[in-house]
Amino acid sequence: MMTESEFNQLVDDRLLAIEEALDEAETDIDYENSGGVLTVTCENGQKVIFTRQAPVRQLWIAVPFGGFHFDYDAEADGEWVCDADAKPLARFLAETFDQLAGESFDFS
């Protein structure tokens, strides 16, 4: 099992990669990372909120259509996967931002 420090580093790395992908946005997408919570606001006001849940070693994402929990799967090429349907985080985010922001991003 990974330590809390390892978990926090994995989350920090993933959130930084998400921020870097969003920096390429053609639409007006703002984000703020404060206290370990990344809040992304799309041009139309829709929000995507990322929070780390260290006790359960999960990354939680809140969107207008629900809440989703992702586990780090070291055996799946180090990908975060949804605990409900095993959807990779990169695909979930691509679909989510396509829906909410009307723009495509590569989160891989």
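Student: What makes the radius of gyration of the protein chain agree with that of a compact globule?

Tutor: In this predicted model, the protein chain has a radius of gyration of 13 Å, and a compact globule with 108 residues would have one near 13 Å, so the two agree. Along the principal axes, the C-alpha trace spans about 40 × 30 × 25 Å.

Student: Which elements make up the protein chain, and in what order do they run?

Tutor: Two helices and six strands are present. Starting at the N terminus, the order is α-β-β-β-β-β-β-α.

Student: Why is the pair of Phe97 and Phe107 called tilted?

Tutor: A ring pair is described by the distance of the centres and the angle of the planes. For Phe97 and Phe107 the centres are 5.6 Å apart, and the cut-off for a pair is within 6.5 Å, so they qualify. Their planes make an angle of 35°; stacked requires under 30 degrees and edge-to-face over 60, so this pair counts as tilted.

Student: What makes this pair a link between parts of the chain?

Tutor: Phe97 belongs to helix 2 (residues 89-101), while Phe107 sits in the segment after helix 2, so the pair ties together parts 10 residues apart in sequence.

Student: Are Phe97 and Phe107 buried or exposed?

Tutor: Both are buried, a term for residues with under 20% relative accessible area. Across the protein chain, 34% of the 108 residues are buried.

Student: How many aromatic pairs are there, and which residues form an aromatic cluster?

Tutor: The count is eight pairs. Phe65, Phe68, Phe70 and Phe92 form one cluster.

Methods. Residues are numbered from 1 along each chain as its sequence is written. This is a predicted model: local features need pLDDT of at least 70, side-chain atom pairs count only at pLDDT 80 or more; totals for chains, interfaces and linings use all residues. Side-chain values use heavy atoms; hydrogens and water are left out. Helices (H or I, at least four residues) and strands (E, at least two) are DSSP runs, numbered from the N terminus. The radius of gyration is taken over C-alpha atoms; the globule rule is 2.2 Å times the number of residues to the power 0.38. Buried means under 20% relative accessible area, exposed over 50%, partly exposed in between (1.4 Å probe, protein chains only). Rings of Phe, Tyr and Trp (its six-membered ring) pair if their centres lie within 6.5 Å; planes under 30 degrees apart count as stacked, over 60 as edge-to-face and the rest as tilted.
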